[in-house]
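Trainee: I have a structure open and would like to go through it with you. Can we start with the charged side chains?

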Amino acid sequence: KVDEIQDTSGNNIINENAGTVTIGKSGDTVNLASGATNNLGITEADQWRLTANITSNTDPISSNLERVDDASFAKIGTGMSVSSGYWSFPTTGLYMITTDVGCSCNGDDNVRIDVFATTNNSSYDLIAYAFAGGDSAGTVDNTANTTNYVNVTDTSNVKVKFGAGSLGGGSQVMGGTDHNYTSFTFIRLGDSQ
């Protein structure tokens, strides 16, 4: 039973003091062996996109969704799953969710994506929306985004969904299969709070 482990030169490798464990010293690099599990830092990062345009109000967005599949893309961890427009998290944690919207707004129409969250797998709360406006002179292509933090304390009960709203005639939320027009990014920042 020890509170300190040193290397042969007398430098602290591991030190415990009042419940705080310190690995290495300032300036050290800590490496994990190949095949070791890293529970530090970002352990989940995933991105999905809308693959076809939405032309009418939709809640939830439940179709034409795909995980980004460009050759340069990779996810970290298990990644998100979606069923009938309801998104499940792979593990508990504090997640940052970024919603990027590409839209075509006809006239004075304001096109938006709504972001909802539930903590009981039942009642959903509107936590944000990203919206972009048009111009009375004609159709305008525009972008909008929003970032939210969702504290996932229980993967069975904490979920999110997205909706498309305020879509007048001639307006649309844009989607495509070759690159991101409208996308949803999920990053686990750390443990649930």
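This is a predicted model: local features need pLDDT of at least 70, side-chain atom pairs count only at pLDDT 80 or more; totals for chains, interfaces and linings use all residues.

Trainee: How many salt bridges does the structure hold?

Mentor: There are 7 salt bridges in the structure. Side chains of opposite charge can pair when their charged atoms come close.

Trainee: Which residue does Arg67 pair with in a salt bridge?

Mentor: Arg67 pairs with Asp46, at 2.9 Å from N to O. This pair links distant parts of the chain, since Arg67 is in strand β5 and Asp46 is in strand β4, 21 residues apart.

Trainee: Is Asp46 buried or exposed?

Mentor: Asp46 counts as buried because its relative accessibility is 3%. Arg67 has 27%, so Arg67 counts as partly exposed.

Trainee: And what about Asp59, which side chain does it meet in a salt bridge?

Mentor: Asp59 meets Lys161, with 3.2 Å between N and O. Here too the pair links distant parts of the chain: Asp59 sits in the loop between β4 and β5, while Lys161 belongs to strand β12, 102 residues apart.

Trainee: Why does Lys161 count as buried?

Mentor: Lys161 has a relative accessibility of 10%, and buried means under 20%, so Lys161 falls in that class. Asp59 is partly exposed because its relative accessible area is 48%.

Trainee: What about Arg112 and Asp114, what is the N to O distance there?

Mentor: The distance is 2.6 Å, in a salt bridge between the two side chains. Asp114, at 8% relative accessibility, counts as buried, whereas Arg112, at 29%, counts as partly exposed.

Trainee: Which residues are linked in a network of salt bridges?

Mentor: Arg49, Glu66, Asp69 and Asp70 are linked in that way.

Trainee: Now Glu44. Where is it?

Mentor: Glu44 is in the loop between β3 and β4. The residue is buried yet has no salt bridge.

Trainee: What is the nearest side chain of opposite charge to Glu44, and how far away is it?

Mentor: That is Lys75, 6.4 Å away.

Trainee: Then what lies 2.8 Å from a polar atom of the Glu44 side chain?

Mentor: The backbone nitrogen of Gly79 does. Leaving out residues up to four places away in sequence, Glu44 touches several others, including Ile76, Thr78, Tyr95, Phe186 and Arg188.

Trainee: Thr78 is on that list. Where is Thr78 found?

Mentor: Thr78 is in the loop between β5 and β6. Thr78 counts as exposed because its relative accessibility is 56%. Not counting residues up to four places away in sequence, Thr78 touches Glu44, Arg67 and Pro90.

Trainee: How far apart are Thr78 and Ile54?

Mentor: They are 24 residues apart in sequence, and 28 Å apart in space from C-alpha to C-alpha.

Trainee: Changing topic. Which residues make the nonpolar surface patch?

Mentor: The patch is made by Val2, Ile5, Ile13, Ile14, Val21, Ile23 and Val30, and its area is about 620 Å². The elements that give two or more residues to the patch are β2 and β3.

Trainee: And where is Val2 found?

Mentor: Val2 is in the segment before β1. With 60% relative accessibility, Val2 counts as exposed.

Conventions
Residues are numbered from 1 along each chain as its sequence is written. Side-chain values use heavy atoms; hydrogens and water are left out. Patches are made of residues with over 30% relative accessible area and no salt bridge: like charges are joined within 9 Å, nonpolar side chains (Val, Leu, Ile, Met, Phe, Trp, Tyr) within 5 Å. Accessible areas come from the Shrake-Rupley method with a 1.4 Å probe; for residues, only the protein chains shown count as cover. A salt bridge is a side-chain nitrogen of Lys or Arg within 4 Å of a carboxyl oxygen of Asp or Glu. Helices (H or I, at least four residues) and strands (E, at least two) are DSSP runs, numbered from the N terminus. Buried means under 20% relative accessible area, exposed over 50%, partly exposed in between (1.4 Å probe, protein chains only). Contact means heavy atoms within 4.5 Å. Lys and Arg count as positive and Asp and Glu as negative; His and the chain ends are not counted. A polar contact is a pair of N or O atoms within 3.5 Å; within protein, one must be able to donate a hydrogen and the other to accept it, and residues adjacent in sequence count only if both atoms are side-chain atoms.
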